[in-house]
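Biologist: I would like a close look at one part of this model, with the cut-offs stated as you go. Please keep it to what can be computed from the atoms.

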Amino acid sequence: MKAWTHFLRGFTLKVIYPIFMLLGAFIKSKKADFQAYVVKLNNSLVKKENFTVRKILLLLPHCIQNSKCDIRLTFDIFKCRRCGQCKIKDLIDITEKSNVSVAIATGGTIARKVVKEIKPDAIVAVACERDLSSGIVDTYPIPVIGILNQRPYGPCIDTNVNLNQVKDAIEWFLNHRIQEK
Ligand code: SF4
């Protein structure tokens with residue numbers, strides 16, 4: 001069953017996703033829906049597997065930072081002064097309590113660099129449909145639980161995330177991991 005779901009996850013990301021993106025090129029209004037569907041399918045398949053997890057990474061988009069905040073967090077999120085004007089403070093608090101790594105990525109290239117450096121066994125990622133789906137495909141076979149961001153002011157500015165979804169995803173990896181012998 002686990003090998004089967006692992007195969008299905010690979011099939012979803014490496015075969016179904018490119019087909020959906022091809023369809024999305026023709027039906028542009030549906031592209032984000034296709035990407036969201038792939039993220040949802042990936043999440044449910046990840047949750048049917050078990051993993052050896054030593055290190056979990058919470059990967060966040062830079063647009064979740066308050067746009068009026070002048071601190072540059074890209075290379076060190078812990079420069080945040082934790083004023084509470086955006087969710088960065090709460091997200092750092094969550095990762096400290098659960099002993100999870102956390103980083104901000106300004107795009108796919110930085111995200112790949114962060115993953116290469118931290119070498120996580122599992123990732124909880126927050127982003128828009130496009131970045132989330134392509135990031136999940138890029139980092140396969142690392143298991144990723146993707147959480148779609150909220151965009152009350154439109155894309156890429158002062159975005160938000162449901163903190164309970166982040167906590168639940170981290171807890172899922174913490175509770176369902178197979179410890180190394
Ligand atoms: S919580 Fe951190 S990142 Fe957000 S506005 Fe305050 S100092 Fe800036």
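How many disulfides does the structure hold? After that, please go through the strand E2 and its surroundings: which of its residues are buried, and how many bridges join E2 to E3?

Modeller: This is a predicted model, so local features need pLDDT of at least 70 and side-chain atom pairs count only at pLDDT 80 or more, while totals for chains, interfaces and linings use all residues. Residues are numbered from 1 along each chain as its sequence is written, and side-chain values use heavy atoms, with hydrogens and water left out.

The structure holds zero disulfides, a disulfide being a pair of cysteine sulfur atoms within 2.5 Å. Buried means under 20% relative accessible area, exposed over 50%, and partly exposed in between, with a 1.4 Å probe and protein chains only.

Now to E2, residues 56-61. Helices (H or I, at least four residues) and strands (E, at least two) are DSSP runs, numbered from the N terminus. Six of the six residues of E2 are buried, so the strand is largely enclosed by the rest of the structure. One side presents Ile-56, Leu-58 and Leu-60, the other Leu-57, Leu-59 and Pro-61, and both faces are covered.

Two strands pair if DSSP finds at least two bridges between them. E2 and E3 run parallel and are joined by five bridges; E2 and E4 are also parallel, over four bridges. Leu-58 has a partner on each: Val-102 in E3 and Val-124 in E4. Leu-59 stands opposite Ala-103 in E3. E3 itself, residues 101-105, is mostly covered, with four of its five residues buried.

E2 also supplies at least two residues of the lining of the largest pocket, as do H2 (31-46), H4 (108-118), E4 (122-127) and H5 (129-139). A pocket is found on a 1 Å grid over the protein atoms alone, as an open set of points where a 1.4 Å probe fits, with protein on both sides within 12 Å along at least five of seven lines; lining residues have an atom within 4 Å of a point. The volume is about 610 Å³, taken as the space filled by probe spheres set on points joined across faces, edges and corners. Of the 33 lining residues, Val-126, Ala-127, Cys-128, Asp-131 and Leu-132 are closest to the centre. H5 gives the largest share, nine residues. By class, the lining has 18 nonpolar, nine polar and six charged residues.

Arg-82 lies in the loop between E2 and H3 (88-98), has phi near 60 degrees, positive in a residue other than glycine, and is partly exposed at 29%. Asn-99, in the loop between H3 and E3, has a positive phi near 55 degrees and is exposed at 72%.

How values were computed: Ala, Val, Leu, Ile, Met, Phe, Trp, Tyr, Cys and Pro count as nonpolar, Asp, Glu, Lys and Arg as charged, and the others, Gly among them, as polar.
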